[in-house]
Amino acid sequence: MYKLVSKHKPEGDQPQAIKSLVEGINANLQHQVLLGVTGSGKTFTMANVINETKRPALILSHNKTLASQLFAEMKLLFPENKVEYFVSHFDYYRPESYLPTKDQYIEKSSKTNWDLESMRMSATNALISRRDTIVVSSVAAIYGALDPKEYKTTIFYIETGMKIKRNDFFRELVKLGYEKTDIDLEIGKFRSKGDVVEFYPVWTEEITIRVEFFDDEIEKISYLERLNKNLIKKVNNFILYPANSYIVTKNTIEKAVSTIEVELKDRLKFFEENNKLVEKQRLEERVKNDIDSLKEFGFCSGIENYSRHMDQRKEGEKPFTLLDYLPKDTLIFIDESHITVPQLKAMYKGDFQRKSNLVDYGFRLPSALDNRPLKFEEFQEIENQIIYISATPAEYETDLTNGEVIKQIIRPTGLLDPIVEIKPTINQIEEIYKQINIQIKNKERTIIITGKKKTAEMLSTNLREKGFKSAYIHSEHNTFERNEILRKLRKGIFDVIVGVNLLREGIDLPEVSLIMILEADANSFARTKSALIQMIGRVARNDHGRAILFADTITNNIKETLKENEVNRQIQMEYNLKNNIVPKTVIKPITDPIQSLEVKESLEKINQKKTKKEIDKIIKGLIKEKERLIANDDLENAIRIRDLIFELENEK
């Protein structure tokens, strides 16, 4: 079962928190709340609860960056168990929409990240095959997925000695979504050379599977290293999972087409009776083309819009999601619940408003409305036990537990809440320069929080022009880019990062000892007491963490923040004195980020350099390449090379 690996034992408030949570779980409490201040080790508490209860677990997070950090931490704590990552598999996604006021139809445009898709598949497969599974997920967990029963019927089991013709084996691979290739073996593809078939499963980037035949019998099944093809091990059996999440059987397609045709007929009649002939023609042409594709290929563009028909669900019936793959006794942890719960509430409404226009104007059948995330009311109906975790739990969570909250205030490290200073906005840029210079002299890092993305970009540019090693980070960066920027901050490649709300909750950066918050007195959601406490908490893992709030007015939110800050500092100081603890900065390994092969190769290139002369030679070549990319408007890759140059210069 689970094996938690750590040189640390629960300390401070952790033992009591773990005990209370486990007792609540054993008493079948549906909801529990853990109020844990930043730096008190909430992740370690979660891990201990999972380890003691021996149940599968789903950890929900409100953004990909925090989810990736939790995933990395859980992987370290449970190296022998299945720890999986489940987030949106799009690096870029512009949904299909129609703007009636402009009579403008916008087609769906997206860029799938196949590394993330592989991780999603791995998470799904783990949940249906192993109990020692921990899935760390964003709110993608409440979006539509294939019916688990349908998914399981597409699984194909093979074993040595199994009688099967190679052509029949090929057909099974194609049914599962794999494509045949005669050249390079890429993710989701297979190739055949004589009696040997190799395929690259989508749920792992580390291995290739080789199946060797003798006549019409499987003789050997082997795991090979992905790059050098060295044998890892031979196995007696293997389970082939689908190559993508929307593989469905022929029988399912036939049933779906039948009900789609019925709905189409009714909808065309509605448009004709209401004299909406343009909408009628538009819908008829689109759906008939989709039906033809489904009949011929078992797939069509936008197949997810027919999910109700694929699942044979009733109108309005909730869709299947990742939650339907969870074993019944799975524990659900909602991390940073004060942000994650409102996000869960908001998902359905935005999706419904967009799709309603598509349906009303004949771009989609009404059943497209049932390709949706869960309504919050549906999420509330799940029977799994839920633990809400936050430094600032909201009223919704505490109401569920009748005000009972398990507190984790004391930090095992002895670290105090950061010292908070208030400074006027006049001459704040000069003050920022001054503070960053102090930080650089002390070899420590800085975060600056702004109110807008544009401000973050402009300030970061200004800092670079002044000679500071600065970067900005916000929601337009993809998952791997955000992780890489944060890694570089921790390593000291950047001195300062300027961000918006992305850096507010849960990001664990012990090397950062100063956070500066601009517009701290603004009357906005981003500057509430809860928000300010969360932001200040980013420097609570450093033994001399400081927070500077730039404000001309001491608002009630600031007053309450200062009051709570002082109370927590006093509690921690008393504990430290009683237990003879000297606060020390958290020492945490800088783990490799979840990253693409391109980033890995870049880092390997850096590690291969030997002398300053060799580094200078590499930099000169990269500068030329960057200029070429800029001339060709390939700004994305130009930025990546710019960052690589920056990193190489820092290594000299």
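View 1. At 1% relative accessibility, Thr 45 counts as buried (buried means under 20% relative accessible area, exposed over 50%, partly exposed in between, with a 1.4 Å probe and protein chains only). The model is predicted: local features need pLDDT of at least 70, side-chain atom pairs count only at pLDDT 80 or more, and totals for chains, interfaces and linings use all residues. Residues are numbered from 1 along each chain as its sequence is written, and side-chain values use heavy atoms, with hydrogens and water left out. Thr 45 lies in helix α2, residues 42–53 (helices, H or I with at least four residues, and strands, E with at least two, are DSSP runs numbered from the N terminus). Apart from neighbours within four places in sequence, Thr 45 is in contact with Gln 14, Ala 17, Ile 18, Leu 21, Leu 34 and Gln 408 (contact means heavy atoms within 4.5 Å).

**View 2. Asn 48 in helix α2.** Helix α2 also holds Asn 48. With a relative accessible area of 11%, Asn 48 is buried. Leaving aside neighbours within four places in sequence, Asn 48 is in contact with Leu 4, Pro 10 and Ile 18. Between Asn 48 and Leu 77 there are 9.6 Å in space, C-alpha to C-alpha, and the two are 29 residues apart in sequence.

**View 3. The crossing of α2 and α3.** The axes of α2 and helix α3 (residues 64–77) come within 11 Å and cross at roughly 50 degrees (axes are lines fitted to C-alpha atoms, for helices over the stretch in contact, and angles run from 0 to 180 degrees between N-to-C directions). The two helices, α2 and α3, are therefore oblique to each other (angles under 35 degrees count as roughly parallel, over 145 as roughly antiparallel, 65 to 115 as roughly perpendicular and the rest as oblique). The crossing of α2 and α3 is right-handed (a crossing is left-handed if the near helix is turned anticlockwise from the far one by less than a right angle, and right-handed if clockwise). From α2, Thr 43, Phe 44, Met 46 and Ala 47 meet Leu 70, Glu 73, Met 74 and Leu 77 of α3.

**View 4. The crossing of α16 and α17.** Helix α16 (residues 529–536) and helix α17 (residues 556–579) have axes that come within 8 Å and cross at roughly 50 degrees. That makes α16 oblique to α17. The crossing of α16 and α17 is right-handed. On the α16 side the contact is made by Lys 529, Leu 532, Ile 533 and Ile 536, and on the α17 side by Asn 557, Ile 558, Glu 560, Thr 561 and Glu 564.

**View 5. The buried face of helix α6.** In helix α6 (residues 166–175), the buried residues are Phe 169, Phe 170 and Leu 173. Seen down the axis of α6, these residues fall within an arc of 100 degrees, so they line one face of the helix (the arc is that of the directions from the helix axis to the C-beta atoms). The buried residues of α6 pack against β9 (156–159), β11 (189–193), β12 (196–199), β13 (207–214) and β16 (237–240). Gly 177 follows α6 and has a positive phi, near 95 degrees.

**View 6. Glu 84 in strand β3.** Glu 84 is found in strand β3, residues 82–86. Its relative accessible area is 7%, so Glu 84 is buried.
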